[in-house]
Amino acid sequence: MTRRLSLFNVTSLVFGFAFLYLPILLLVVYSFNASRLVTVWGGFSTQWYGALFRNEALMEAAWVTLRIALLSAGLSTVLGTLAALALTRYGRFLGRTLFTGMIYAPMVMPEVITGLSLLLFFVAIGLDRGFWTVALAHTTLTMCFVTVVVQSRLMTFDRSLEEAAMDLGAPPLRTFFAVTLPLIAPSIVAGFLLAFTLSLDDLVIASFNTGPGATTLPIKIYSQVRLGLSPEVNAASAILIGIVTLGVIVATVLTKRSAARAQRQSH
Amino acid sequence: MRRSFAPWADSSARPLIRFENITKRFGDAVAVDNLSLDIFEGEFFCLLGPSGCGKTTLMRMLAGFEQPTAGRITLGSADLAGVPPYRRPVNMMFQSYALFPHMNVEKNIAFGLKQDGLPRGEIASRVEEMLRLVQLERLAKRYPSQLSGGQRQRVALARALAKRPKLLLLDEPLGALDKKLREETQFELMDIQHELGMTFVVVTHDQEEAMTMADRIAVMDHGHLVQVATPGEIYEQPKTRFIAEFVGDVNILEGNVMGQENGLWRVATPSAQAPLTIDDPDEVLNSGQAVAIAVRPEKMLIQRDPPPANVPNVLTGEVWDIGYLGDWTVYRVKLASGAIVRVTRANASRFVENPIDWDEQVYVTFAPDAAVILAE
Amino acid sequence: MAGRSLSRKWLAALVPAVPYLWLGVFFLVPFLIVLKISLSDTAVAQPPYKPVFDWNDIVGFFSQLDVENFELLVGDDLYLRATLSSVRIAAISTILLLLVGFPIAYGMARAPERHRSLLVALVILPFWTSFLIRIYAWIAILKPEGLLTQTLMGLGLISEPLNILNTETAVYIGIVYAYLPFMVLPLYATLEKMDDTLLEAALDLGSTPWRSFWTITVPLAMPGIIAGSLLCFIPAVGEFVIPDLLGGSETLMIGRQLWSEFFSNRDWPLASAVAILLLIILVMPIVIYRDVEARRLETER
């Protein structure tokens, strides 16, 4: 039987989504505010975007963040995919429980703990804090998320496809690259994007592990925000939101199209 | 034992349930179209029809999950309009059984009783009684996921019966069971209904199920009632070709009415050389009218030798297929007209000398009162 | 041939070995170091703790360990209050999240099937935008002269500016806002799977819609309720950004305490001890959850 939406259902959906989106929307709108006072509307202006791009410290931070995010997301995608394969394809191996624990723990552990422990580790081995330590820290955190995303795809994966490839004479490695990898590719891309945004977004772990010359955008924004609202931060936020929204839309369209293509091919 | 039970034939009897000009629309689609129907106390009533005929909608209106777009449903003397499901003295056994997965058998059966606020002791004794009725005493503490399909069906039945509703609705009650279990359960349901003296309304698409269990069957199609009658009447006197074909196997011979002789209809058909003679006095037909003659396969005789000249309704053809079913043998005979008729013969003895074989020329005959005329 | 199959075996072993080693080095070892440092003394020199490893002096290493940082934690009621306050704020936030998230998840589950994936995407989308920015957005709304006050005063609902920013209320709003997807998605997953005929059966057996909600819907949604609550409660206890930006100086939370021990007081051993304490608090709900899950699976089998 068809489910029917009651008035209560509709109301809770409307209020729920308003709650989720109104603050973001206000932020974007007020980034075009001419007034220096962030909460008083003083007419439309794009001046803060100009100021933002002339703010060299902020631009430098953005560039560092982007490089860290790309590097750590790339690394964590490889590591996470390997981990997902290990968890789904290797059955019981020595220390599997510990391995699973190490995958899930960083995701639920408060970031302050992860950040602190990695910092103490880097100090202990005498690695100077900076770009690399932040990238390594982010890789460790985000690879767990990649693992979960890829693992959920692998669990629904039809193993008979691989068996068919091997039956037709493809050795394991070639089977992996010719059959498995193309089929799980969307989840790997999704995992990469997730890792990328998590790295882009992180304040706490980066704060603990950063050093001279490796100030990331969140750290920069955070220190400005602590001093009070800043229209430049509004502009920076609006740009980030725009990029993410665009990215999500592109990703959705791409996966829809590839899903449609897969459907057509399977018929 | 209940041969004399026929309240529908008694004009003074008051029905338990009365549908009056019920119409139900979902958007543009009409699920039930201006339907009127009476169901009497103590009846085992079947709503039979193909999927999408509106039978389930009719039942859900009775349970209170759907409201009629127009018309009135009364139960006893109460109008059911606007009465929510939880205030109706009607219970339902769901097609999926809808057993609560987080409650054990006992708790499932007690659920409805708890809603009525019955004292604890009474609930316990009623649950025990129900468990005994469906023979599940030993499984009281099990969870639905630990039961077989047949056991789940019994729990669902016990749960719906526990409140002793005036009316029990059963939505495809045997649909999820395998064939053998289904047959056994049919008889069990009949026994339980008889024992409790309750009114049962069953929705099913399985004509065999309906024929076995029901006092009366309502055949539905496209939101209409096509025929409401006892299983015997439905089978032997189907009102339309749809019913004749939906209930049981039937051979349909198309033809045109020539006239009436001695109260018997004469019908010309391309399937036979001589006109057919049909004894169906209730039909009112005009000369030249196109009709369909419906004959059940078991009412046809098949023979190798030509019948005497005075035997009516002779069809000739050759044996196209033979299916041996153990109790029956089915012959598919291709007539000269190209039509194929199905003839069944009971295998009354174990050995038949010189049986009819494939490709043999045969004669198929049937008595005038074996056939029904269906006006097109 | 033998050589090839041997190298293939090595290759196959690399698949689990590489991520295993990585996590061992960058997660397990650091974690053990925190444990060790929490048991060592503050040094005056920089970096502000004594050297961790001296491989030649294992005996000395262990003999140096002491629990004085933990004694300090237990003795100083600041940490006790911060801990209790964190747990309380996280618990209240989790209840609020349930109250806000359940109707949304329920509405999503009852929406027509063709709209459901869009609704799920809409719940996830904010999660992809920066956490920091989303919290930052609330500052402008909750400020005394902020947008909420402006709106409510404009509507004539209040006459005095609201003082929400830098209070615990602001922290609740922030946590509910930031963690809502984590509550809604698990709830939605269980509610969406729920068989509607179970509710019909309950109604049919005489249970009112309100009672059916409590006897059928809520128990069946329990896995989602527990998962969502844990996903929100655990990170909320250790939350730093939200109390720091929205909570003002009075909001005591242990994540914030750790941060200030580390960055302001530069007492790394004490910060480590706080981290261990925080972990111990968080391990409990997980253990309880696993226990409950195991028992549920047991009874169902």
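A close look at one helix

Reply: Two pairs of chains are in contact (two residues count as such if their C-beta atoms, placed from the backbone, lie within 7 Å), and of these pairs chains A and C share the most contacts. No contact joins chain A and chain B, whose closest C-alpha atoms lie 10 Å apart. This is a predicted model, in which local features need pLDDT of at least 70, side-chain atom pairs count only at pLDDT 80 or more, and totals for chains, interfaces and linings use all residues. Residues are numbered from 1 along each chain as its sequence is written, while chains are lettered from A and ligands numbered from 1 in the order in which they are written.

The part to look at is helix H3 of chain B, residues 120-133; helices here are DSSP runs (H or I, at least four residues), numbered from the N terminus.

Ile123(B), Val127(B), Met130(B) and Leu131(B) are the buried residues of H3(B), buried meaning 20 or more other C-beta atoms within 10 Å of a residue's own, and exposed 12 or fewer. Because they cover an arc of only 100 degrees around the axis, they lie on the same side of H3(B); the arc is taken from the directions from the helix axis to the C-beta atoms. Helix H2 (105-115) and helix H4 (149-161) of chain B are among what covers these buried residues. On the face of H3(B) turned away from its buried side are the exposed residues Gly121(B), Glu122(B), Ser125(B) and Arg132(B). Just after H3(B), Gln135(B) takes a positive phi of about 55 degrees.

Methods: Helices (H or I, at least four residues) and strands (E, at least two) are DSSP runs, numbered from the N terminus. The expected span of a helix is 1.5 Å times one less than its number of residues.
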